[in-house]
Amino acid sequence: MNILKSLAIVSLSASLLIAANPNKNAELKSVVKMGQKGSKMLLKTLGGNMKKKMKEGGPLKALDFCSNEAYNLTEKVNKRLPRGVRVKRISLKFRNPANAPEADEAKILKALESLQKNNVILPNHIVEKVDNKVYKFYKPLVIKKKVCLKCHGDIKDTDIKRVIADRYPIDKAKHYKIGDLRGAVVVTIDKSVK
Ligand code: HEC
């Protein structure tokens, strides 16, 4: 498998680089720490609010909330993160075109999909070194909960279907099943920003 091979080579050369350069090791550690912090903050904020709305008014209210507030809540989290750090969600099959991956991000998502197809259990995170000072921390998002399928599975509820079709005319984020890779949280960390 080509992708498996290239991933193995990438990780091998990355670990060689780290072994040879202790400063890089410290930098990578701080990247992972910041990535974990940023992704947790976003998932907690979005997930917590979604749960609340679901309890208050069911999936339709949660849907309305998600489509109105996901962007604002993400920006709020970004304001709380240090300068040079930004978090977002991406997917190859996105609902909101604003969550379409950039070229490098699409490659990573495709590699993760390919690994999954080869029965690899995905890691909690991976790190891409974009250039000398910029890193991207990816947390793969796998659909684990049935509740996700209310809005991302084979949707049965006609109200939900209608609202999604109205607000997202080019929606691709349907027909998922439990265990599918839904996308990733990406935390971009620019070490040149002090
Ligand atoms: C009540 C409906 C609803 C439920 C339940 C729901 N989502 Fe979504 N999801 C949405 C909407 C609406 C968007 C688009 C938000 C926007 O406009 O930014 C979205 C966007 C996303 C995105 C961003 C990428 C994209 O497609 O635009 C990811 C990732 C995601 N959802 C994952 C999940 C996961 C994982 C679960 C289960 C824990 C879940 N969703 C449950 C409605 C829902």
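Which of the 21 residues around the ligand come nearest? In this predicted model, in which local features need pLDDT of at least 70, side-chain atom pairs count only at pLDDT 80 or more, and totals for chains, interfaces and linings use all residues, they are Arg-95, Cys-148, Cys-151, His-152 and Arg-182, a residue being near a molecule if one of its heavy atoms lies within 4 Å of it. Residues are numbered from 1 along each chain as its sequence is written, and side-chain values use heavy atoms, with hydrogens and water left out.

The shell around the ligand is made up of 14 nonpolar, four polar and three charged residues, where Ala, Val, Leu, Ile, Met, Phe, Trp, Tyr, Cys and Pro count as nonpolar, Asp, Glu, Lys and Arg as charged, and the others, Gly among them, as polar. Helices α2 (22-80) and α4 (149-152) each supply at least two residues of this shell, and α2 gives the most, with seven residues; helices are DSSP runs of H or I of at least four residues, numbered from the N terminus.

His-152, which lies in helix α4, is the single donor from the protein to the iron atom of the ligand, with NE2 placed 2.1 Å away. Donors are N, O and S atoms within 2.8 Å of the metal (3.2 Å for Na, K and Ca), and since water is not among the atoms, sites may look incomplete. A polar side-chain atom of Tyr-168 lies 2.7 Å from an oxygen atom of the ligand, while a polar side-chain atom of Arg-89 is found 3.4 Å from a ligand nitrogen atom.

With buried meaning under 20% relative accessible area, exposed over 50% and partly exposed in between (1.4 Å probe, protein chains only), Cys-148 counts as partly exposed at 27%, whereas Cys-151 counts as buried at 14%. The structure holds zero disulfides, a disulfide being a pair of cysteine sulfur atoms within 2.5 Å.

In helix α5 (residues 158-167), Ile-160, Val-163 and Ile-164 are buried. Seen down the axis of α5, these buried residues fall within an arc of 95 degrees and so line one face of the helix, the arc being that of the directions from the helix axis to the C-beta atoms. Thr-158 and Asp-166 are exposed on the other side of α5.

Note on methods
A polar contact is a pair of N or O atoms within 3.5 Å; within protein, one must be able to donate a hydrogen and the other to accept it, and residues adjacent in sequence count only if both atoms are side-chain atoms.
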